[in-house]
Amino acid sequence: MALVRIPPIEADVRWDRGAARPAEIRWNGRQLHVTGLSAVRDERAAYPADRGPRVTFVLDTDDGQASVSFDARRRRWFVEALDTAA
């Protein structure tokens, strides 16, 4: 399925140090377990200082794919896109 962009929703992300990727994403009572990493987009060098750096992960989950980003300026994780199956 295709990822569908949604308005960014603040999320809690548990990190898996051994795999160097998120292990679980939780927001608004939903929880997805991460099974793999599809892509990483590191924009830290491209962002102006006033907007802050960002890293985006496209993740394989137990319910499809999800795109999450880490906003370093605000120190927050956001869910930005979901597979229509998730």
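Biologist: Is R74 buried, partly exposed or exposed, and at what relative accessibility?

Modeller: Happy to start there, keeping in mind that this is a predicted model. The side chain of R74 meets that of D71 in a salt bridge, 3.0 Å from N to O. Buried means under 20% and exposed over 50%, so R74 falls in between and counts as partly exposed, at 47% relative accessibility.

Biologist: How many salt bridges does the structure hold?

Modeller: Side chains of opposite charge can pair when their charged atoms come close. Among the pairs here are D71 with R74 and R26 with E24. The number of salt bridges in the structure is four.

Biologist: How many residues apart in sequence are the parts that E10 and R76 tie together?

Modeller: The side chains of E10 and R76 meet in a salt bridge at 3.2 Å, N to O. E10 lies in strand β1 (residues 3–16) and R76 in strand β6, so the parts tied together by this pair are apart in sequence by 66 residues.

Biologist: Where is N28, whose phi is positive?

Modeller: Phi of N28 is near 45°, a positive value in a residue other than glycine. N28 has a relative accessible area of 65%, so the residue is exposed. Its place is in the loop between β2 (21–27) and β3 (30–42).

Biologist: What is the phi of R75?

Modeller: R75 sits in the loop between β5 (64–71) and β6 (76–83). With a relative accessibility of 60%, R75 counts as exposed. Its phi is positive, in a residue other than glycine, and is near 55°.

Biologist: What pattern does the chain follow along the sequence?

Modeller: The secondary structure comes to zero helices and six strands. Read along the sequence, the pattern is β-β-β-β-β-β.

Biologist: What percentage of the residues count as buried?

Modeller: The accessible surface of the chain comes to about 5300 Å², with 47% belonging to carbon and sulfur atoms. Of the 86 residues in the chain, the part that counts as buried is 38%.

How values were computed: Residues are numbered from 1 along each chain as its sequence is written. This is a predicted model: local features need pLDDT of at least 70, side-chain atom pairs count only at pLDDT 80 or more; totals for chains, interfaces and linings use all residues. Side-chain values use heavy atoms; hydrogens and water are left out. Helices (H or I, at least four residues) and strands (E, at least two) are DSSP runs, numbered from the N terminus. Buried means under 20% relative accessible area, exposed over 50%, partly exposed in between (1.4 Å probe, protein chains only). Accessible areas come from the Shrake-Rupley method with a 1.4 Å probe; for residues, only the protein chains shown count as cover.
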